Amino acid sequence: MDGSWTELADGVLARRHAELDLTTGLVLGTDRALVIDTRGDDVQGAELAAAVRELTALPVLVAITHAHFDHCFGTSAFPGSPVHAQAGCAAAIAVTAAAQRAQWVRHYREAGDTGTADALAGTVPVLPDRPVCPRPGSTHTLDLGGRRVELLHPGPAHTGHDLAVHVPDAAVLFAGDLLENGNPPAVGPDAYPGRWAGALAALLTRGARRYVPGHGDPMTPGEAARQQADLARLARASP
Ligand SMILES: [Zn+2]
């Protein structure tokens with residue numbers, strides 16, 4: 001088994017995965033369920049979909065936090081589900097999928113993980129079909145039945161198209177890779193280190209009690225604020 005659920009509030013769960021220490025999410029309403037991120041290939045996506053189906057038979061909506069393969073290449077496991085992502089995400093997946101696949105297939109082969117390499121090599125990511133939150137600060141509300149969930153784009157940070165998911169009634173916020181617990185945030189070539197701290201500060205103003213990072217265990221507001229302060233220091237230190 002590759003994953004375990006943690007219930008953060010009634011019907012709001014984080015799922016922790018051994019592979020890349022990834023954290024996905026599940027929010028249950030009375031009429032619909034929202035899955036946050038789909039893992040890194042068709043096989044991993046199927047594992048997540050089966051785990052979701054053990055908890056709920058509700059129709060599933062999907063939200064993708066950003067275009068990095070480990071968060072979104074498993075979407076094929078949710079056929080027929082509307083897939084929400086920030087307006088720039090689908091194009092980012094389309095443009096970068098081949099290079100991401102090649103880089104990480106090589107990584108898994110070099111690590112001797114043939115199963116994951118083969119699964120990723122055979123995965124063509126399904127693109128999000130519900131573009132939302134086109135501008136920094138814009139939001140999009142999903143009604144799950146008895147519960148409203150807010151999708152928001154805090155501005156360029158970990159990528160140019162980050163999407164966070166806020167569950168106000170449960171005071172839980174899924175931050176994607178704007179937060180990482182156990183590692184410093186991953187500042188890749190597609191990141192905006194000078195703007196990241198400001199975007200994360202905008203998420204922290206939501207006043208959640210639990211912040212779910214893209215990798216690692218859920219964080220307290222204090223832990224999230226410390227990472228925000230580290231990012232602000234990093235931005236001041238960069239030219
Ligand atoms: Zn990422």
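Is Arg206 buried, partly exposed or exposed? Keep that one in mind, everyone; we'll get there in a moment.

First, some ground rules. This is a predicted model, where local features need pLDDT of at least 70 and side-chain atom pairs count only at pLDDT 80 or more, while totals for chains, interfaces and linings use all residues. Residues are numbered from 1 along each chain as its sequence is written, and side-chain values use heavy atoms, with hydrogens and water left out.

On confidence, pLDDT is the predictor's own score for each residue, from 0 to 100. The chain averages 96, and 99% of the residues score at least 70.

Donors here are N, O and S atoms within 2.8 Å of the metal (3.2 Å for Na, K and Ca), and because water is not among the atoms, sites may look incomplete. The protein donors are His66 (NE2), His68 (ND1), His158 (NE2) and Asp177 (OD), lying 2.2 Å from the zinc ion. His66 sits in the loop between strand 5 and helix 2, and His158 in the loop between strand 9 and strand 10, so this pair ties together parts 92 residues apart in sequence. Both His66 and His158 are buried, meaning under 20% relative accessible area, with exposed being over 50% and partly exposed in between (1.4 Å probe, protein chains only).

On to salt bridges: a side-chain nitrogen of Lys or Arg within 4 Å of a carboxyl oxygen of Asp or Glu. The structure holds eight of them. Back to my opening question: Arg206 is partly exposed, because its relative accessibility is 29%. Arg206 pairs with Glu150, the closest N and O atoms being 3.2 Å apart. That pair links distant parts of the chain, with Arg206 in the loop between helix 5 and strand 12 and Glu150 in strand 9, 56 residues apart. Glu150 itself counts as buried, at 16%.

Another one is Arg147 with Asp169, at 2.8 Å between the closest N and O atoms. These two lie in separate loops, so they tie together parts 22 residues apart in sequence.

Finally, a local example: Arg233 and Asp230 bridge at 2.5 Å between the closest N and O atoms. They are three residues apart in helix 6, so about one helical turn separates them. Thanks, all!

Methods: Helix = DSSP H or I, 4+ residues; strand = E, 2+ residues; numbered from the N terminus.
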